[in-house]
Amino acid sequence: MFFYVSESNLFYDIFIQIMYGITRIDNDKSHTHSWVVTISRKNKKYFGSFSDATYESKKKALAAAKKYRDEILSLYDPLTLKEFCSIVKRNSKSGISGVCRYKNNEPDKEGNYRWYWIATWSPEPGKTKQKKFSINKYGEEEAFHKAVFARKEALENIKGYFDPGRKSK
């Protein structure tokens, strides 16, 4: 039996829950046919490969992969949303997650561009909020510190866990 899986139907939600952290590799050239489990928890990666040949069938290999995945998930909590939002990305120029320097694309009457430090956060899935602090008004350092404080304050109110398998609405 085959079900069409698109992001807009119930089968997609069920599929994401069942297959979270599990991918399929079918490569005839390298004779690789297996299910692969990859789970990240608190900067540590857990990996398992479940070959059809080792488990005697695709179905049994998938069952073993799900069992391994479920064991990992039961042993290690996911990141809290606050922890996830605090991860500094490699491309961060400020060194603070969710804080960036921004130039307004519209010049003022004198032809000068306005610069800001901006704090950005997501209070809930699919929603983004931000606060801007003018460098012209506060100066470079104070605007930056205000943005950092606003971001820190916003993260204090974020609750729950990061769930990469969740479909944002």
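Biologist: What makes β4 and β5 a pair of strands?

Modeller: In this predicted model, β4 and β5 are joined by five bridges in the antiparallel sense. Pairing requires at least two bridges, so β4 and β5 count as a pair. Within β5, the residue opposite Y102 is Y116.

Biologist: How do you know that β5 and β6 pair, and in which sense do they do so?

Modeller: Strand β5 (residues 115-124) and strand β6 (residues 127-134) share seven bridges, and their pairing is antiparallel. The requirement is at least two bridges, so β5 and β6 are a pair as well. Two residues separate β5 from β6 in a hairpin, and G126 in the turn has a positive phi of about 85 degrees.

Biologist: Why are β4 and β6 said to stand at the edges of their sheet?

Modeller: The open sheet has three strands in the order β4-β5-β6, with antiparallel pairing. Both β4 (99-103) and β6 have a single partner strand, so one side of each lacks a neighbour in the sheet. The average twist from one strand to the next is 35 degrees.

Biologist: Which helix packs on this sheet, and what is its direction relative to β5?

Modeller: Helix α6 packs on the sheet and touches β4, β5 and β6, with a direction at about 0 degrees to that of β5. Helix α6 covers residues 140-156, among them R151.

Biologist: How do you know that R151 has no salt bridge?

Modeller: The nearest side chain of opposite charge is that of E156, 10 Å away. A salt bridge calls for a side-chain nitrogen within 4 Å of a carboxyl oxygen, so R151, although buried, has none. Leaving aside residues up to four places away in sequence, R151 touches C85, S86, S97, G98, V99, A119, T120 and W121.

Biologist: What is the strand order of the sheet that contains β1, and why do β1 and β3 stand at its edges?

Modeller: The order is β1-β2-β3 in an open sheet of three strands, and the pairing is antiparallel. Each of β1 and β3 has a single partner strand, so one side of each is left without a neighbour in the sheet. On average, neighbouring strands of this sheet are turned by 25 degrees against each other, direction ignored.

Biologist: What makes β2 and β3 a pair?

Modeller: Eight bridges connect β2 and β3 in the antiparallel sense. At least two are needed, so these strands pair. The residue opposite I39 is Y46 in β3. Helix α3 lies across β1, β2 and β3, running at about 10 degrees to β2.

Biologist: Which residues have the most contacts inside the largest nonpolar core, and which element gives the most to it?

Modeller: The largest nonpolar core has 13 residues, and I22, W35, V37, I39, F50 and A65 have the most contacts inside it. At least two residues come from each of β2 (32-41), β3 (44-51) and α3. Helix α3 gives the most, with five residues. Another core, of 10 residues, lies apart from this one and includes I135, A143, A147 and A150.

Biologist: Which residues does F50 touch?

Modeller: With residues up to four places away in sequence not counted, F50 touches S34, W35, V37, Y55, A61, A64, A65 and Y68.

Biologist: How do you know whether E56 is buried or exposed?

Modeller: The relative accessible area of E56 is 65%. Since exposed means over 50%, E56 is exposed. E56 is found in the loop between α2 (52-55) and α3. E56 is not a glycine, yet has a positive phi of about 70 degrees.

Key
Residues numbered from 1 in each chain as written. Predicted model: local features only at pLDDT ≥ 70, side-chain atom pairs only at ≥ 80, totals over all residues. Heavy atoms only, no water. Helix = DSSP H or I, 4+ residues; strand = E, 2+ residues; numbered from the N terminus. Buried < 20%, exposed > 50% of the residue type's maximum accessible area, 1.4 Å probe, protein only. Lys, Arg positive; Asp, Glu negative; His and termini not counted. Contact = heavy atoms within 4.5 Å. Core = buried A, V, L, I, M, F, W, Y, C linked by side-chain atoms within 4.5 Å. Axes fitted to C-alpha atoms, helices over the stretch in contact; angles between N-to-C directions.
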